[in-house]
Each structure stands twice: as structure tokens, then as C-alpha cells.
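Keep the structure open while reading.

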Amino acid sequence: LPGRKVLIVYAHQEPKSLNGSLKTVAVEELRKQGCSVTVSDLYAMQFEPRATRNDIVGCLHNSEEFNYGVETWEAYKRGDLSSDVIEEQKKVQEADLLIFQFPLYWFSMPAIMKGWMDRVLVQGFAHEYPNCYDSGLLKNKLSLFSFTTGSSREMYAKGGINDDIRYLLWPMQHGIMHFCGVKVLAPHICFAPEYVSEEERKEMLIAWARRLKTLWQEEPIDCSPEWYFK
Ligand code: FAD
Ligand code: ZN
């Protein structure tokens with residue numbers, strides 16, 4: 001939709017990968033629609049994934065015993081978070097839609113992206129009890145997890161060897177996005193791109209572009225336990 005702002009948080013080392021192509025397709029399609037698109041290319045940025053003392057500039061609230069959650073909360077309020085975290089928070093603040101593009105690592109996101117979640121979604125910025133879940137501080141934003149897998153769709157079916165893929169979306173979609181008030185669109189999953197034909201990979205990219213064309217008409221999922229575990 002013209003005027004809408006999208007942040008793509010992208011985690012793949014190789015631009016020629018399928019994840020790289022999925023990212024490029026999204027940038028092109030969304031810009032074609034008139035959206036303004038920003039990409040955080042985490043490996044290219046050499047994004048720091050570790051939650052450490054270095055994320056707080058200057059003095060600590062309690063220098064006797066370090067508590068990362070408390071210190072970043074206080075530093076956020078003082079405007080004393082490290083500049084790379086502040087940069088990402090500005091991108092999030094401006095965005096209407098957050099797209100996370102990544103290969104599935106151990107039923108989850110790559111560590112560099114998890115580090116982005118750990119460091120950027122600071123208390124006071126993204127949530128502040130009791131402002132969590134539907135009243136999280138990032139309400140009125142949308143998110144979408146777009147990822148690739150090694151295993152096939154059959155292996156991720158209910159009763160299959162990995163069992164239902166929805167089980168592993170609970171921590172990411174509900175535990176992180178919904179917790180921060182962000183609404184969740186249905187995930188976009190490309191199963192086993194390494195094991196399908198070139199033709200099928202091309203089809204995956206076309207399908208992603210096609211979905212993005214009508215994305216702004218989509219309703220968020222009902223991000224409750226039933227969606228994941230029923
Ligand atoms: P690529 O290897 O880049 O893609 C396959 C092919 O697509 C490549 O040959 C590429 O050249 C080609 N391609 C790129 N662009 C195009 C284009 N425009 N047109 C046609 N072809 C194109 N998998 C699981 O299912 N569960 C797990 O828990 C899991 N854990 C993992 C943990 C680790 C540490 C690692 C390293 C992998 C894990 N995997 C897991 C596998 C991983 O999810 C897959 O390897 C990954 O998702 C594949 O995506 P990719 O973008 O890297 O693929
Ligand atoms: Zn939820």
C-alpha cells in the first residue's frame with residue numbers, strides 16, 4: 001500500500017541463497033506498491049547478537065550486580081542505549097510491518113536474529129508490564145515470519161517426524177511478537193528449497209511475490225494457544 005513502511009530483518013550469510021532471493025523479491029514487490037522498505041541485513045551489518053554491558057552507554061543503574069533487563073530498561077529511558085540498538089528501534093518504530101526472513105535453525109531463528117530480538121525489543125520500548133500482549137507497546141504494527149526449512153512439508157505435518165510446524169512458531173510469534181503487541185500475519189514457509197527442482201524454487205519466489213500483492217488485505221491470525229496447539 002502506498003505510504004506503508006516495511007522493515008525487513010534479514011538473516012542469511014549468502015545473497016545468492018534462496019533467503020536472499022526471497023528478501024529481494026519482497027523489496028522489489030513492496031517498493032512497486034509504493035511502500036517504503038528498509039532492510040536490516042544482519043550478517044552484512046555484523047550485527048552484535050550478544051546482550052552485554054556494552055549495550056549501556058555510561059554509568060549503570062546498579063554497578064554492584066549487573067541485570068541486563070533492568071539496565072537496558074533504565075538506559076532506554078535515559079536515551080543511553082548503544083547506537084546500533086537505537087538505530088534498530090527507530091526502524092521498528094517507523095515500520096507498519098516487520099518481516100523476518102531467515103532459514104530455520106534448530107526449530108527457531110538464527111542466533112544473530114535472536115540477538116536482534118534480545119537487544120532491540122527492550123523493556124520500556126517494546127513492552128512494559130502490564131503493557132504486554134494485546135496492550136504491548138508496539139501495537140498497531142504487523143509482523144510476518146518468512147522462513148525456509150531443511151525438512152519437507154511432510155516431515156512438518158502433524159504426526160510427522162518433526163510434527164506440526166505451528167508448535168515451533170509459538171515462541172517466535174506469540175512469545176516475542178504478540179508479547180510486544182505486534183499482530184501476526186500467517187507465516188510464509190518455503191519447505192526444503194535445497195531438495196526441490198530449480199523450477200519449484202522459481203515457483204516459491206513467484207508465490208511469495210503473489211502473496212505480497214494482497215498482503216495488506218490479510219487479517220492477522222488469532223494468536224492464541226488454539227492456533228498453535230489445537
Ligand atoms: P539455499 O541453499 O540458498 O537454497 C537452495 C538453492 O536455491 C540454492 O542452490 C540457491 O542457489 C537456489 N536459489 C537461490 N535463489 C534462487 C532463485 N532466484 N531461483 C532459483 N533458485 C535459487 N532445517 C529444519 O528444517 N529444521 C531445523 O531445525 C534446522 N536447523 C538448522 C540448523 C543449522 C545450524 C543449519 C545450518 C541448518 C538448519 N536447518 C534446519 C536447515 C536450514 O533451515 C536450510 O538449510 C535452509 O532453510 C535452506 O535455505 P537457504 O536459503 O540457506 O537455501
Ligand atoms: Zn499470541
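Strands E3 and E4 (residues 142-148) pair in the parallel sense over seven bridges. Two strands count as paired if DSSP finds at least two bridges between them. Helices (H or I, at least four residues) and strands (E, at least two) are DSSP runs, numbered from the N terminus. The model is a predicted one, in which local features need pLDDT of at least 70 and side-chain atom pairs count only at pLDDT 80 or more, while totals for chains, interfaces and linings use all residues. Residues are numbered from 1 along each chain as its sequence is written, chains are lettered from A and ligands numbered from 1 in the order in which they are written, and side-chain values use heavy atoms, with hydrogens and water left out.

**The strands**

E3 covers residues 97-103, and seven of its seven residues are buried. Buried means under 20% relative accessible area, exposed over 50%, and partly exposed in between (1.4 Å probe, protein chains only). Leu 97, Ile 99, Gln 101 and Pro 103 point one way from E3, whereas Leu 98, Phe 100 and Phe 102 point the other way. E4 is also mostly covered, with seven of its seven residues buried. From E4, Leu 142, Leu 144, Ser 146 and Thr 148 point one way, and Ser 143, Phe 145 and Phe 147 the other.

Which residue of E4 stands opposite Phe 100? That residue is Phe 145. Further along, Pro 103 stands opposite Thr 148. Thr 148 also has a bridge partner in E6, namely Cys 190.

| Strand pair | Sense | Bridges |
|---|---|---|
| E1 (residues 5-10) and E3 | parallel | five bridges |
| E4 and E5 (residues 183-184) | parallel | two bridges |
| E4 and E6 (residues 188-190) | parallel | three bridges |

**The helices**

E3, helix H4 (residues 111-120) and E4 make a right-handed β-α-β unit. A crossover is right-handed if, with the strands pointing away from the viewer, the path from the first strand over the helix to the second runs clockwise.

Helix H3 (residues 83-94) packs against H4 at an angle of about 90°, with the axes 10 Å apart. Axes are lines fitted to C-alpha atoms, for helices over the stretch in contact, and angles run from 0 to 180 degrees between N-to-C directions. H3 and H4 are therefore roughly perpendicular, a term for angles of 65 to 115 degrees. Asp 84, Val 85, Glu 88, Gln 89 and Val 92 of H3 make the contact with Trp 116, Arg 119 and Val 120 of H4, where contact means heavy atoms within 4.5 Å.

Most residues other than glycine have a negative phi, and most peptide bonds are trans. The peptide bond from Tyr 129 to Pro 130 is cis, with omega near 10°. Pro 130 lies in the loop between H4 and E4, and Asn 140 is found in the loop between H4 and E4 too.

Asn 140 is not a glycine, yet has a positive phi of about 75°. Is Asn 140 buried or exposed? Asn 140 is exposed, at a relative accessible area of 62%. Ala 192, in the loop between E6 and helix H6 (198-213), has a positive phi of about 50°. Ala 192 counts as buried, at 6% relative accessibility.

Terms used. Angles under 35 degrees count as roughly parallel, over 145 as roughly antiparallel, 65 to 115 as roughly perpendicular and the rest as oblique.
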